[in-house]
Amino acid sequence: MTLLWNRRRVLALGASATAAACAPAIQEPADADVIILGAGLAGLHAARMLAADGIKVRVLEASRRVGGRMWTLDEVPGAPEAGGQQVGQSYARIRSTARDLGIAINPPTTPMSRDKTIALNGAVFDAREWAAHADNPFPEAFRAFSPDMALFMAAARANPLEDQYAWREAGPEHDISADAFLAQAGFDPSSRRLCEIALNANDLQSYSMLNLYRTLVLFNQDGMTGPPGEIEGGAQRLPEAMTASLPDGTVKLGMPVTGIDVQANRVHIRSGTHTLSAPYVICALPFPVLARLDLKAPLNSVQNAAIGTLPYTRIHQVHLTLDAPFSDGLPEMMWTDSPIERVFPVRSAAGETIGLSCWINGAGCRPEASDAEWMVLAEQTLKTLRGVKATARKVVRWDEAQPLSGGAYMHWAPGQIGAWAQTMGLPAGRLHFAGEHVSRLHTGMEGAMESAEQAAYAIFEAMS
C-alpha cells in the first residue's frame, strides 16, 4: 500500500494548487481539498490515504463516535459487538491497517462452538436432534441442517460462481430470489418460513441469491487460509486508532449533513447552519441516509433509483448480562422461532459466559416496540425457554427509522445486480462514493476499505 501511495504522491504534490489549476477559477477559499462524509471504515481509510499525500482532508461525522457500523458496547459487561466483529484471513486491508497502527488481531479467546439449541413450537432441544425431529419439514436431502443453515447448504451445492469476480457477470437465471431458489430445491412454504427466521436480509423474496453465492465464495477463501480473528479490545478500537493517526482536527463529530450541492468546480456541504466546501467530496454514507438529504448532484439513473430502493437489512439486538449460568445441559447458542430469534453467548477474557446477545433480523424486528418493551420481552423469553435469569442492558437498532444508518448492511434484491452493479458507484461530477454498498470484490468491513481506495485513487487521478 505504501508503494502505491508514494506513486500517487508525485501526482498529488501541492494538491490544493493543482486542483485549482485544473478547474475553473474558485472565488472563495475551500475548507479542505477533500471533504469526506462519514467516519466509518470507508471514510477513515480514504482520509488516511489522502492525508498521507499531503492533501487537506475534513471528515464530517454525524454521531458522537467514530466507527459507523463497527460499534463495541464498552458499557455492557463483556463489551459485546453491535456491528462488525470477525476479521477474516483475507481481509488484507483491515489487517494491514491494524498492523500499521499497532492494533492486534487475535484468534477468539474462546473459539465459538457450532453446537446450538433449537426452540421451535415451544419445544427446546439440541440441534443434533433436528434431523429426526417430528417438526422438521425440510426435504430429505436437507433434514440434517438446522433452519439457519439450510439455505446456506442448498446454495453451496448450487453455487455457479467460480471466483469473487464473477458475481457481477452471472446470468439472470442465478439472480433470483432466495424464496424462488428454495422452492426449486423442494422446500415447501412451511420450510421456507423457517429459513426466513434470522435471515441476513429482510425476507426471502427481496434477497437475491447472488448475495449468498458471493458470500460463500468469500467464506471459502477465508476457510482455506485459517479461522477469522477479532480486534483486541473490541472492533471499535480500529476506527479509533485510524482517527488518532490523522492530523488534529481532521474528524469533526456531531456534524450531520443536511445537504450536498455539486457544482462545476466545487461541492458545498450543509451541516445545520454551517456550509463547507471543497473541490471534491467522498460520500461514505449509506444510501438510506443519502435519501434523506437535500441532494443536488448529476446522478445517473441507476443512482437515483438505488438511493431510494437499495435494500438494507433490519437488525434489532438486545444485549443482556447473565445472572446465573445455564443449567439444562443444552448449548448456549440458540436458534428459535420466538421473538428473540438467535441468541449468542458473550464471554469474558477468561472464557466464562457472562452475557447473551439476541439478534433479530428482517420481519422479526419490531420498530414500534420501545427499548423497555424489548428488554422485558428478551428477559421473559429466555426465562420461558431455558429457565435462564438474565438482565437486559442495551437495545441496538439497525433499521430504516435510524437516521444515521438506515439498516445494518445492504443486500441486493433480485434483478438489481445486472442492472445496477456496474454504474451505481460511479462518481457524480466531483462527488465520489464509498462504502460497502459500492465495493466490487469484498463485502462488509473489507468491502468498505476496498471502496475507499477506489474513491481515493479516483481523486488522485482527478487532481493529476
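R192 touches D179, L182, A183, F187 and L204, leaving out residues up to four places away in sequence; contact here means heavy atoms within 4.5 Å. R192 sits in helix α7, residues 189-196. Helices (H or I, at least four residues) and strands (E, at least two) are DSSP runs, numbered from the N terminus. With 15% relative accessibility, R192 counts as buried, where buried is under 20% relative accessible area, exposed is over 50% and partly exposed is in between (1.4 Å probe, protein chains only).

A word on what you're looking at: this is a predicted model, in which local features need pLDDT of at least 70 and side-chain atom pairs count only at pLDDT 80 or more, while totals for chains, interfaces and linings use all residues. Residues are numbered from 1 along each chain as its sequence is written, and side-chain values use heavy atoms, with hydrogens and water left out.

Now over to helix α3, residues 41-52. Its end C-alpha atoms are 16 Å apart, which agrees with the 16 Å that twelve residues should span at 1.5 Å a residue; the expected span is 1.5 Å times one less than the number of residues. Ten of the twelve residues of α3 are buried, so the helix is mostly covered. Among the buried ones are L41, L44, H45 and R48. Just after α3, G54 takes a positive phi of about 80°.

What does α3 pack against? One partner is α14, which runs over residues 444-463. α14 has 20 residues and reaches 29 Å from its first C-alpha to its last, close to the 28 Å expected. Since 15 of those 20 residues are buried, α14 is largely enclosed by the rest of the structure.

Two packed helices are described by the angle between their axes and the distance between the axes. For α3 and α14, the angle is about 40° and the axes are 8 Å apart. That makes α3 oblique to α14. The axes are lines fitted to C-alpha atoms, for helices over the stretch in contact, and angles run from 0 to 180 degrees between N-to-C directions. Under 35 degrees counts as roughly parallel, over 145 as roughly antiparallel, 65 to 115 as roughly perpendicular and the rest as oblique. The crossing of α3 with α14 is right-handed; right-handed means the near helix is turned clockwise from the far one by less than a right angle, left-handed anticlockwise.

On the α3 side of this contact you'll find L41, A42, H45, A46, M49 and L50, and they meet α14 residues including M445, A448, M449, A452 and F460. The contact divides into 13 nonpolar residues, two polar and one charged. Ala, Val, Leu, Ile, Met, Phe, Trp, Tyr, Cys and Pro count as nonpolar, Asp, Glu, Lys and Arg as charged, and the others, Gly among them, as polar.

α3 also packs with α9 (residues 237-244), at about 30° with the axes 10 Å apart. These two are therefore roughly parallel, and their crossing is left-handed. Here L41, L44, H45 and R48 in α3 meet L238, P239, M242 and T243 in α9. This contact splits into five nonpolar residues, two polar and one charged. Within α9, R237, L238, P239, A241 and M242 are buried, and what covers the buried residues includes α3, α4, β7 and α14.

Finally, L404 is in the loop between β18 and α13. At 48% relative accessible area, L404 is partly exposed. Its contacts, leaving aside neighbours within four places in sequence, are A62, S63, P286 and V289.
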